[in-house]
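I opened the model to go through its chains one at a time. These are my notes, in the order I looked things up.

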Amino acid sequence: MFQVRFHGRGGQGVVTAAELLSVAAFLEQRHAQAFPSFGSERMGAPVVSFCRIDDKEIRLREPILEPDALIVQDPTLFKAIDVCQGLKSTGYLLVNSSRSLSELHLDAIANRLPAGHVLTVPASELALKHIGRPLSNAALLGAFARLSGIVQLKSVAAAIREAFGEKIAEANVAAATAAYDAVAAASAAA
Amino acid sequence: MLKQIEGSRAMAEAIGLCRPEVICAYPITPQTHIVEGLGEMARTGEIKNCEFINVESEFAALSVAIGASAAGARAYTATASQGLLYMAEAVYNASGLGLPIVMTLGNRAIGAPINIWNDHSDAMAVCDSGWMQLFAETNQEAADLHIQAFRLAEELSMPVMVCVDGFILTHAVEQVDIPEQADVDAYLPSYEPVQVLDPKDPISIGAMVGPDAFTEVRYLQHYKQTLALRLIPEYAADFKSRFGRDSGGLLRSYRADDAELIVVAMGSVNGTIKDTIDEMRADGLSVGLVTLVSFRPFPTEALREKLVRARNVVVIEKSLAVGMGGPLANNVDLALRNVAGAPQVHSVIAGLGGRPITRTSLHRVLRRALVQPWEGSHFLDLNEEIVAKELHYVRKVRRSGPTAENLLRRLGQAADEAAVKTAV
């Protein structure tokens with residue numbers, strides 16, 4: 001089982017992000033379970049959501065306490081809460097930022113995880129460019145598909161097309177594809 | 001059709017397939033998404049011949065459903081928590097009048113203190129009101145139970161509550177096989193009421209009944225629920241033959257046939273318990289599970305048959321009868337009453353007000369039950385430190401203030417102290 005925890009702030013769409021990832025996995029004939037953190041959400045407050053992916057039925061209903069991956073929509077959360085709590089030593093960390101890991105003071109975390117498992121991606125900038133609004137979900141999921149390989153980009157794109165109308169969907173798919181390519185280029189350079 | 005779908009939406013689609021004619025509900029978290037979905041489907045015509053009625057309260061919601069059902073319409077509503085309490089008088093009327101309404105209960109704690117999260121307090125508050133109560137383990141089962149519930153309700157002319165864990169199921173996105181309309185039509189015949197208000201053939205429903213017949217009316221209500229003990233497995237078997245899945249029934253067991261220790265639980269926590277049992281079995285421990293689907297009627301004989309060979313039974317439940325203990329544990333005791341050599345029953349109160357029930361905590365409590373079983377109620381993951389501090393404070397200070405606010409303040413202090421320690 002592969003478990004992903006999403007961190008964001010109320011209004012950034014962490015719940016939608018987890019749902020989209022679960023649909024992408026479902027489209028690959030896998031079992032997936034997405035669920036919110038069940039809080040009284042309000043705009044701007046730290047919020048989390050979860051997604052489990054497995055090849056067999058998922059029966060577990062506890063929150064994800066030891067994630068295989070973290071997707072962080074807002075890098076300012078690192079100062080507010082213990083984002084990396086429980087992250088497995090083999091885990092992945094993907095952060096929405098145009099800044100480097102060192103600039104975000106994430107070197108210590110990066111050193112604890114396998115090489116190439118920690119990455120920043122300018123998802124908000126890519127979203128502004130392709131969608132016209134700083135909605136980072138699609139770009140983060142595109143980047144995550146390349147970083148982790150847990151789902152394919154075409155499944156992320158299909159999940160986006162299921163969720164949104166054609167015009168918005170295509171803009172989001174473009175953002176996801178650009179982020180996927182950016183990660184591919186970064187890993188080729190490394 | 002297999003879909004990756006939010007639980008609430010899956011339930012709405014399944015309820016729509018049952019061709020309800022009147023839907024009437026008032027929004028309350030965490031049930032709201034279900035009736036939002038149904039409202040949309042009624043408006044777009046996806047559900048045909050269906051009137052969605054907006055009302056001003058839960059009391060009105062169920063009252064409208066009662067009127068609609070008495071007039072011969074297939075009626076549906078949904079609620080949770082305080083909403084259920086607000087309609088409590090109508091809850092008893094629906095069952096007392098023998099009206100086959102189906103209601104989804106998005107299980108949620110009851111205040112005070114106000115809490116929007118999941119437990120089974122709301123279902124327990126009305127468990128003896130004459131409604132049947134079926135508890136879903138997964139969103140697939142939640143969807144399927146509604147289809148079975150309409151058939152059961154209408155066959156017996158008695159209302160059914162489908163209980164689904166708030167947030168944990170209602171807000172989870174997972175795969176659900178949504179049945180085809182033709183298959184649901186073949187399984188669920190159209191509603192043929194046993195009593196109907198018709199201006200052309202007037203009758204009265206709701207007579208005042210004195211001591212001369214009240215006991216008999218109640219006895220017949222009780223008798224109908226004993227008939228449901230036969231119908232529930234029969235309808236689940238028919239459902240399986242048509243749809244190919246195990247959904248519903250009175251109860252299910254998991255690795256329990258040879259188990260020394262059997263866990264009994266209701267609702268979505270059963271999945272986490274199954275994973276825990278697999279891990280304990282891998283360690284050579286003899287543990288199994290009985291998942292109770294039907295809480296009302298209570299399947300006394302079927303449960304006794306499953307439990308009687310075990311040494312210990314641990315009942316894990318998301319409810320507390322204050323001053324007594326676990327209501328489900330108490331009911332399980334009933335199944336073992338007067339049985340020679342019956343297993344010992346141990347009660348665990350867990351998941352109140354949405355506290356997560358984790359495998360780690362389940363391992364701890366079940367392993368303890370194997371070596372050191374306890375009497376009374378065990379409160380899973382109770383924060384004994386803040387409880388002890390509060391008890392000490394209350395003993396010293398007469399005007400000690402509100403308990404909830406005091407505990408929140410203590411939690412805040414503990415968090416601050418931990419933060420200072422980390423910073424140092």
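Burial first: I call a residue buried if 20 or more other C-beta atoms lie within 10 Å of its own, exposed if 12 or fewer, and partly exposed in between, with C-beta atoms placed from the backbone. By that count, 48% of the 190 residues of chain A are buried.

Ground rules. This is a predicted model, so I note that local features need pLDDT of at least 70, side-chain atom pairs count only at pLDDT 80 or more, and totals for chains, interfaces and linings use all residues. Residues are numbered from 1 along each chain as its sequence is written, while chains are lettered from A and ligands numbered from 1 in the order in which they are written.

**Confidence.** The predictor gives the complex an ipTM of 0.95 and a pTM of 0.97. For chain B I read an average pLDDT (the predictor's confidence in each residue, from 0 to 100) of 96, with 99% of the residues scoring at least 70.

**Chain A, overall.** I took helices (H or I, at least four residues) and strands (E, at least two) as DSSP runs, numbered from the N terminus. Chain A has seven helices and six strands, and their order from the N terminus is β-α-β-β-β-α-β-α-β-α-α-α-α. I then checked the radius of gyration, taken over C-alpha atoms, against the globule rule of 2.2 Å times the number of residues to the power 0.38. A compact globule of 190 residues would come out near 16 Å, and chain A has 15 Å, which agrees. Its C-alpha trace spans about 40 × 40 × 35 Å along the principal axes.

**Helix H5 of chain A.** Is this helix enclosed or open? I found 11 of the 12 residues of H5(A) buried, so it is largely enclosed by the rest of the structure. Among the buried ones are A:Leu140, A:Phe144 and A:Arg146. Its length also checks out: the expected span (1.5 Å times one less than its number of residues) is 16 Å for residues 137-148, and the end C-alpha atoms are 16 Å apart. Just after H5(A), I noted a positive phi of about 70° at A:Gly149.

**A:Gln152.** I found A:Gln152 in the loop between H5 and helix H6 (153-163) of chain A. It counts as partly exposed because it has 16 C-beta neighbours inside 10 Å. For contacts I ask that C-beta atoms, placed from the backbone, lie within 7 Å. Setting aside neighbours within four places in sequence, A:Gln152 touches A:Glu28 and A:Ala145. Its C-alpha is also 7.9 Å from that of A:Ala24, 128 residues away along the chain.

**Where A meets B.** The contact takes 18 residues from chain A and 21 residues from chain B. On the chain A side, helix H1 (14-27) and strand E2 (31-36) are the elements giving two or more residues.

**Chain B.** I counted 15 helices and 15 strands in chain B. The domain bounds, from an automatic or database domain assignment, are 2-243 for domain 1, 251-379 for domain 2 and 384-423 for domain 3. The C-alpha centres of domains 2 and 3 of chain B lie 32 Å apart. The globule rule gives a radius near 22 Å for 424 residues, and chain B has 23 Å, which agrees. I put its C-alpha trace at about 80 × 55 × 50 Å along the principal axes.

Key. Contact = placed C-beta atoms within 7 Å.
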